[in-house]
Every structure is written in structure tokens, then in C-alpha cells.
Amino acid sequence: MSQKVAVLGTGKIGEALLSGVIRAGWAPADLLVTARRPERAEELRSRYGVTPVTNPEAAKTADTLILTVKPQDMGTLLDELAPHVPADRLVISGAAGIPTAFFEERLAAGTPVVRVMTNTPALVDEAMSVISAGTHATAAHLAHAEEIFGAVGKTLRVPESQQDACTALSGSGPAYFFYLVEAMTDAGILLGLPRDKAHELIVQSAIGAAVMLRDSGEHPVKLRENVTSPAGTTINAIRELENHGVRAALIAALEAARDRSRELASGNN
């Protein structure tokens with residue numbers, strides 16, 4: 001790793017990315033960070049050996065800028081960066097809903113921009129990061145983004161037109177599973193189990209089911225049918241889920257997440 005990479009607005013996802021690339025063998029001396037609070041910047045220096053800088057310093061020094069601030073703060077950050085970003089810098093955006101054109105209009109003509117939607121399992125190196133090229137990004141720029149985000153999980157290239165759908169599915173996806181585990185834990189308590197035992201049962205079941213989905217090559221319907229005996233317990237539970245419209249509610253929820261991503265893109269914060 002000879003190029004310098006700067007993570008701007010280093011929150012939880014930015015820190016997960018830093019720790020992941022360092023574990024992957026990148027030198028802390030090649031990593032720059034910015035943070036809103038000086039004490040946060042010093043915390044990152046102490047923990048990882050990276051160099052805290054200002055946003056303009058990062059723009060002038062780093063070869064790749066990874067922007068991890070919230071979508072509503074991105075315009076202000078770009079106003080600060082624009083005078084200092086040469087057109088040969090690779091700019092990677094991790095902000096939900098904001099298209100690459102938003103960056104291209106505010107930065108020097110020809111600046112390569114890559115849009116990435118990752119998720120919180122980056123904290124445990126199990127992220128799903130979806131990568132799309134802007135107008136001026138080349139295959140080499142995409143490969144470099146994959147190298148960075150591959151340090152904390154899987155990557156997938158998609159056309160930018162599919163990014164809002166990916167945000168709904170995988171960007172917000174972990175929250176849906178946490179919500180489901182929360183509800184199932186409450187059900188376990190209602191059925192007479194202590195909270196800690198209900199939690200352990202559900203979490204291990206979720207891990208096992210996820211590994212089967214990933215490794216078996218079977219369709220989820222087939223895997224579900226393997227658990228669903230005629231007139232058994234599982235089919236009774238599935239009937240109740242269908243009676244309560246859980247499938248339709250999930251589809252509606254993901255459509256709402258996609259629509260909100262589009263609203264963010266239009267500047268409706």
C-alpha cells in the first residue's frame with residue numbers, strides 16, 4: 001500500500017474501515033483521518049497510529065478520499081473540500097442516497113467518484129458493500145474501492161441506478177434482522193424462557209440459517225420446506241406469519257427505505 005487514503009468524518013463505519021485495512025496489512029502511516037472533534041481525532045491516532053488532519057489537508061495530501069459523513073452534512077463538506085481537491089483524486093462516497101453526480105458537479109471537472117453503500121457488519125468484517133462508478137471512474141478506481149472495502153467484508157458492483165434498492169436491502173438490512181431478533185426474544189420470554197436463553201437460541205439459529213443460505217446453494221424456499229413438516233409446529237407458525245401479512249409488510253418496508261434513499265438524493269433531508 002503506497003498510496004495515501006484519508007477517511008473524512010470518521011465515525012463507527014469509518015473506524016471499522018480503518019481497523020479492517022490495518023488488519024489487512026496496510027500501514028497506518030498511509031492512513032489519514034478527519035473528525036469533527038479534536039479529542040476524537042486523537043483517540044483514533046492513539047488507537048491505530050493513523051494521522052489526524054483537517055479536511056483541506058486530507059484533500060491536498062491523500063490519493064483517495066473516503067467521505068463517511070451523514071448525507072445531510074455532505075454538501076457542507078464538499079464546499080470545504082472543493083478548492084483543494086485536484087481532478088486526479090479518487091473520491092469515494094459512503095453516504096446513502098447521494099448520487100455521484102452530486103459530487104461531480106461540486107468538484108473539479110473529471111474527478112473520479114465511486115459510490116459505496118456498506119453496512120454496520122463492517123464492525124465484524126462481515127459487511128456487504130455495494131459499489132458503483134461515477135462518470136469518470138475507471139475499472140482501476142472500482143478495483144481500488146473493492147480492495148479497501150473488501151478488507152471488511154464482501155463487495156458487489158452494481159449500476160448506480162440500483163443503489164437505492166441496495167440501500168434498502170443491505171444498507172438498512174441489519175436493522176431488520178435485529179428487529180426480528182428483538183421480537184423473537186420477546187416471544188421466547190412470553191413462552192416462558194429467560195431472556196438470556198431465548199437470546200442465545202435465536203442468535204445461534206440465525207447464524208446457522210445464514211451459513212446454510214450462504215454455503216448450501218439451495219433456494220430459501222427449499223431450506224424452509226426442509227424444516228416444515230406436514231401438520232407440524234413450523235407450518236402453524238408460517239400460517240400465522242402469512243395471516244398477519246409479514247411478507248407484505250417486509251416488501252412495503254423495503255419500498256419505504258428505497259423511497260427515503262431517493263428523497264435524500266433529491267435534497268429532502
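The following conversation goes through a predicted protein model.

Trainee: What should I know about the model before we start?
Mentor: It is predicted, so local features need pLDDT of at least 70 and side-chain atom pairs count only at pLDDT 80 or more, while totals for chains, interfaces and linings use all residues. Residues are numbered from 1 along each chain as its sequence is written, and side-chain values use heavy atoms, with hydrogens and water left out.

Trainee: How many helices and strands does the protein have?
Mentor: The protein has 12 helices and 8 strands; these are DSSP runs numbered from the N terminus, helices being H or I with at least four residues and strands E with at least two.

Trainee: Which residues touch the most other members in the largest nonpolar core?
Mentor: They are I66, I92, V114 and I148, in a core of 27 residues. A nonpolar core is a set of buried Ala, Val, Leu, Ile, Met, Phe, Trp, Tyr and Cys residues joined through side-chain atoms within 4.5 Å. Buried means under 20% relative accessible area, exposed over 50% and partly exposed in between, with a 1.4 Å probe and protein chains only.

Trainee: And what does I148 touch?
Mentor: Leaving aside residues up to four places away in sequence, I148 touches V5, L17, V21, W26, T64, I66 and I92; contact means heavy atoms within 4.5 Å. There is also a second, separate core of 20 residues, with L8, L32, V69 and V113 among them.

Trainee: Changing topic, how many aromatic pairs are there?
Mentor: The structure holds 1. Rings of Phe, Tyr and Trp (its six-membered ring) pair if their centres lie within 6.5 Å; planes under 30 degrees apart count as stacked, over 60 as edge-to-face and the rest as tilted. The ring centres of F102 and F103 are 5.7 Å apart with planes at 80°, so this pair is edge-to-face.

Trainee: Is F103 buried or exposed?
Mentor: F103 counts as buried because its relative accessibility is 0%.

Trainee: What sits over the ring of F102?
Mentor: The charged end of R106 does, 3.6 Å from the ring centre. The criterion is NZ of Lys or CZ of Arg within 6 Å of the ring centre and within 35 degrees of the ring normal.

Trainee: Now the chain end: where does S266 lie?
Mentor: S266 lies in the segment after α12 (246-265). With a relative accessible area of 58%, S266 is exposed.
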